[in-house]
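Me: Please take a close look at the ligand site in this structure. I want to know what surrounds the ligand and what contacts it.

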Amino acid sequence: MADVCVIGLGYVGLPTACLLANSGVRVLGVDTNADKVSALNSGRTRAAETGLDTLVLAAFASGNLRVGAAPEPSETFVICVPTPVAPGEGADLSAVESATRSILPVLARGNLVIVESTSPVGTTRNCVGRLLAASGMEPETDFHLAYCPERVLPGKTVAELVNNDRLIGGLTPASAERAKGLYARFSSGRLVLTDDLTAEMCKLMENAFRDVNIALANAFSRIAEETGVDIWQAIGHANLHPRVNILQPGPGVGGHCIPVDPWFLITGFPEDTALLRAAREINDGQPARIIKRLVACGLAPGEKIAVLGAAYKANVDDPRGSPSFALAREAAALGFPVAVHDPFVPPGEHDGVAVADDLAGCLAEAAAAVLVTDHESYRRLGSGDFAPMSGKLIYDTRGFLDHDDLRRAGFVVHTLGIGGKGEAADKADQS
Ligand code: SAJ
């Protein structure tokens, strides 16, 4: 018997289980991946997440955390499994369904079931609630049911789980109150009560908001390239307006949340989501646009492109959905040999693209280098680091490198969102 059973020990489930254990409740963490369970039992975690190692060690040392393969009778069940959604297709709820079915044999009257997985609006009551009703018990009459989305930023997961405000969406106010009691054990943020449908909708709105606003920055950066404006400076100036906050343009939107979650809304409500679909197209179109600009700068098929960065964002080792891979694939399809470097992503094949941690090897004989990820360690790159290149073209998609130093050493530096090559890019578009 545990107090809380957390199902799915991924980037949210594991730290949540540990924070609960460290707050003094007996937690059983469950995962269907036997390797993950045995790694955890021998004290190993994914070290790249700040503070996670210490948290896991403390949770095991407290004696309150166990991990295993199947749920046991518990007061509360927290479902933290993935809900993948492919562009143009509906959400794949199979992991939520099987996690829910795994609770059925141990569910008891008075229990609380919480869903954290990002899901289409209505999943908690219509999918999880209905599946659990097969127990002969009804949600709300016999057990409590709530939807409580996480809002953590990968890389800062532990701190954000503790500090962020949270939405607690209950099928009834009583369910929300029960769930609030659980999160209050470790959260110092505000715990705001609402219903399950609203909480589900909020999670999707939050990430769609971000995607649309990044697309807006990317659309502005394209106009800047055509007009000779420096978008980085222009955004800084525009953001002096007290009610304007334009985000940063870049090589596209990666990760497993922002480019994915809008599809929950687009596939469910195609007629009302033209804006969200357009944003997806703009953001996904950035890698192809970057290659067009390299071609406009004179790069020819057969010449090697070095891609700096495989992680989807700065200073993390997570390559999921990284625009680097779209860029590498697109370039390879057009006949450019490509090498991808990252200081954090484990070397090997990711998304069908080879990633290496040898920077000089990646740059060797490259005609062009493209800075994709704004890792802090890349900021310090000077002209000497680019010396192994055979060509002189550097394309900075983040407005990030020390352009003066590079130019002094004879490199030709172009930056995403800075005009000057508009005409050449136009010609490439028309060819
Ligand atoms: N990006 C830009 N321009 C910007 C900001 C980001 O191009 O101005 C790109 C990044 O380079 C990256 C991608 O967007 O490729 C996403 O990065 P991110 O740091 O903005 O977000 P994630 O995906 O790491 O985490 C998001 C967060 N959601 C929001 O900010 C609304 C996080 O709070 C969520 O919990 C998480 O998704 C999730 O699990 O949904």
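Reply: The shell around the ligand divides into 10 nonpolar, four polar and eight charged residues. This is a predicted model. The shell counts 22 residues, and Y11, V152, K203, N207 and Y312 come nearest to the ligand.

Y312 uses its side chain, where an N or O atom is 2.6 Å from a ligand oxygen. E150 also takes part through its side chain, with a polar atom 3.1 Å from an oxygen atom of the ligand. How much of the ligand does the protein bury? Taken alone, the ligand exposes 770 Å², and the protein buries 89% of that.

Where does the ligand sit?

A probe the size of a water molecule, rolled over the atoms, shows where empty space is left. The structure holds one cavity of 30 Å³ or more. The largest cavity contains about 50 Å³ of space. By class, the cavity lining has three nonpolar, one polar and five charged residues.

Methods:
Residues are numbered from 1 along each chain as its sequence is written. This is a predicted model: local features need pLDDT of at least 70, side-chain atom pairs count only at pLDDT 80 or more; totals for chains, interfaces and linings use all residues. Side-chain values use heavy atoms; hydrogens and water are left out. On a 1 Å grid over the protein atoms alone, a cavity is a set of points where a 1.4 Å probe fits but cannot get out, and a pocket is an open set with protein on both sides within 12 Å along at least five of seven lines; lining residues have an atom within 4 Å of a point. Grid points are joined across faces, edges and corners, and a volume is the space filled by probe spheres set on the points. Ala, Val, Leu, Ile, Met, Phe, Trp, Tyr, Cys and Pro count as nonpolar, Asp, Glu, Lys and Arg as charged, and the others, Gly among them, as polar. A residue is near a molecule or strand if one of its heavy atoms lies within 4 Å of it. A polar contact is a pair of N or O atoms within 3.5 Å; within protein, one must be able to donate a hydrogen and the other to accept it, and residues adjacent in sequence count only if both atoms are side-chain atoms. Accessible areas come from the Shrake-Rupley method with a 1.4 Å probe; for residues, only the protein chains shown count as cover.
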